[in-house]
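Let us read this structure together, one feature at a time.

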Amino acid sequence: MSDAIPSKTVRSSRRRQQEPASPGRSSQQQPARPQSWAGKTPQEILSRYQPGTAPPLKVLEVLIKLFNTQHTALEKTVSHKTRQERGQFLRRFFRDLKQKAGFKTVPDPRNLGQKHIHAMVQVWQQAHLAPATIQTYLSFLRGLAMWMGKHGFVRKPGHYGLSLEEYQRHESAQRDKSWTAQGIDAEAVIAEVCQFDLRVGASLRLMSTLGLRRKESVQFRPFQHVMPFSETGLPENQQLADRYAWVKGKGGRVRWIPLDSPVQLAALEFAQSVVDGRDAHMGDPRRDLKRNLRRLDYVLEKFGITLRKRGATGHGLRHGVLNDAYEDVAGVPSPVRGGGPVSPELDRAARLAVSQLAGHARARAAGAYIGTIIKPGGRPVGSPEPKGNDDDGAAVPV
């Protein structure tokens with residue numbers, strides 16, 4: 001669970017994105033090709049495996065080995081987690097074509113047809129898989145089609161008989177997912193958790209004050225990951241606090257969180273009092289990362305913090321911090337908290353602040369936490385003009 005703190009000479013987000021910040025983005029971590037593939041293009045390698053003669057699952061393994069590191073839309077590599085999940089799904093998909101969808105033989109991946117996808121979508125529906133899961137599966141199949149040069153082969157969900165309600169995803173939050181919105185007293189719950197598991201309680205306090213993800217809170221090193229502004233490499237005109245917390249989030253993206261409030265400093269001091277040493281992280285050193293995350297989830301469930309029981313998860317602490325951050329800049333509550341319209345300029349500035357605090361590169365990503373953009377006039381940006389009495393004021397996802 002070790003993390004390397006970036007050099008203070010890094011001075012721009014562009015430079016940070018170019019650096020191999022995580023194994024998921026490092027070319028040095030790419031799986032080595034077989035020696036017999038040296039100097040050959042993917043097309044030349046695949047030409048050795050003729051459809052109808054080469055075992056289909058063998059061809060699939062070749063495709064996975066050649067292309068599974070690639071992102072489906074951007075020119076970058078994907079994380080080890082995505083590679084593992086995508087590879088596991090594709091192997092299972094072709095096995096299930098025969099075992100569950102009733103096909104007599106497994107097709108060569110290059111001969112995959114619409115009938116195969118239609119059949120498997122029906123299998124997934126009958127298994128009552130969540131719409132988000134089916135969306136992910138179709139995305140993995142789009143990646144496979146892209147590897148074979150068949151862009152656009154995998155159609156939109158509606159083509160496979162999925163209704164709008166089954167596959168529509170909202171990019172923007174439709175409700176306030178914070179603990180406060182669910183009537184949960186965060187301080188009281190965290191205090192109870194601390195009596196049961198001090199480390200988990202300290203991690204929750206970091207989540208509730210710094211807006212960390214659960215994994216980030218477990219990996220956080222309360223001594224090593226805190227440093228003076230002069231060592232952050234940020235421009236002097238961006239200084240908001242004397243000390244900053246360094247956090248490495250999804251995709252290896254690094255962000256600096258200003259420690260500018262008493263509650264943040266108190267949470268940090270509490271975390272420092274819990275760990276065993278100056279180089280220690282928040283997780284129990286006797287457990288690996290996976291087991292520490294399971295422990296955190298178990299403790300939250302023990303104290304009733306689940307979607308089923310309270311309508312919230314540990315991630316709701318992060319939502320609370322980010323919604324508060326929007327209000328600090330905009331001067332009004334966020335859209336999901338019923339805030340009134342603000343000027344586009346102020347709304348964008350607030351969203352950019354939320355995105356930076358959350359560790360996202362785009363201001364638009366803030367919508368996943370704070371809701372749809374509201375413009376003067378009370379309508380979400382991009383929504384149609386109201387007609388007659390049909391305007392119910394519902395937010396439209398952007």
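A: Accessible areas here come from the Shrake-Rupley method with a 1.4 Å probe, and for residues only the protein chains shown count as cover. This is a predicted model, in which local features need pLDDT of at least 70 and side-chain atom pairs count only at pLDDT 80 or more, while totals for chains, interfaces and linings use all residues. Residues are numbered from 1 along each chain as its sequence is written, and side-chain values use heavy atoms, with hydrogens and water left out.

Q: What does the accessible surface of the protein chain come to?

A: The accessible surface is about 21700 Å², and 49% of that belongs to carbon and sulfur atoms. Of the 398 residues in the protein chain, 43% are buried (under 20% relative accessible area, with exposed over 50% and partly exposed in between, for a 1.4 Å probe and protein chains only).

Q: How many helices and strands are there?

A: Helices (H or I, at least four residues) and strands (E, at least two) are DSSP runs, numbered from the N terminus. The protein chain has 16 helices and three strands.

Q: Why does the span of helix H6 agree with its number of residues?

A: The expected span is 1.5 Å times one less than the number of residues. Helix H6 (residues 131-147) has 17 residues and should therefore span 24 Å, which agrees with the 25 Å between its end C-alpha atoms. Among the buried residues of H6 are Ile134, Leu138 and Leu141, and the helix is followed by Gly149, whose phi is positive, near 80°.

Q: Which residues does Leu198 touch?

A: Contact means heavy atoms within 4.5 Å. Leu198, which lies in helix H9 (residues 198-210), touches Val193, Phe270 and Val274, not counting residues up to four places away in sequence.
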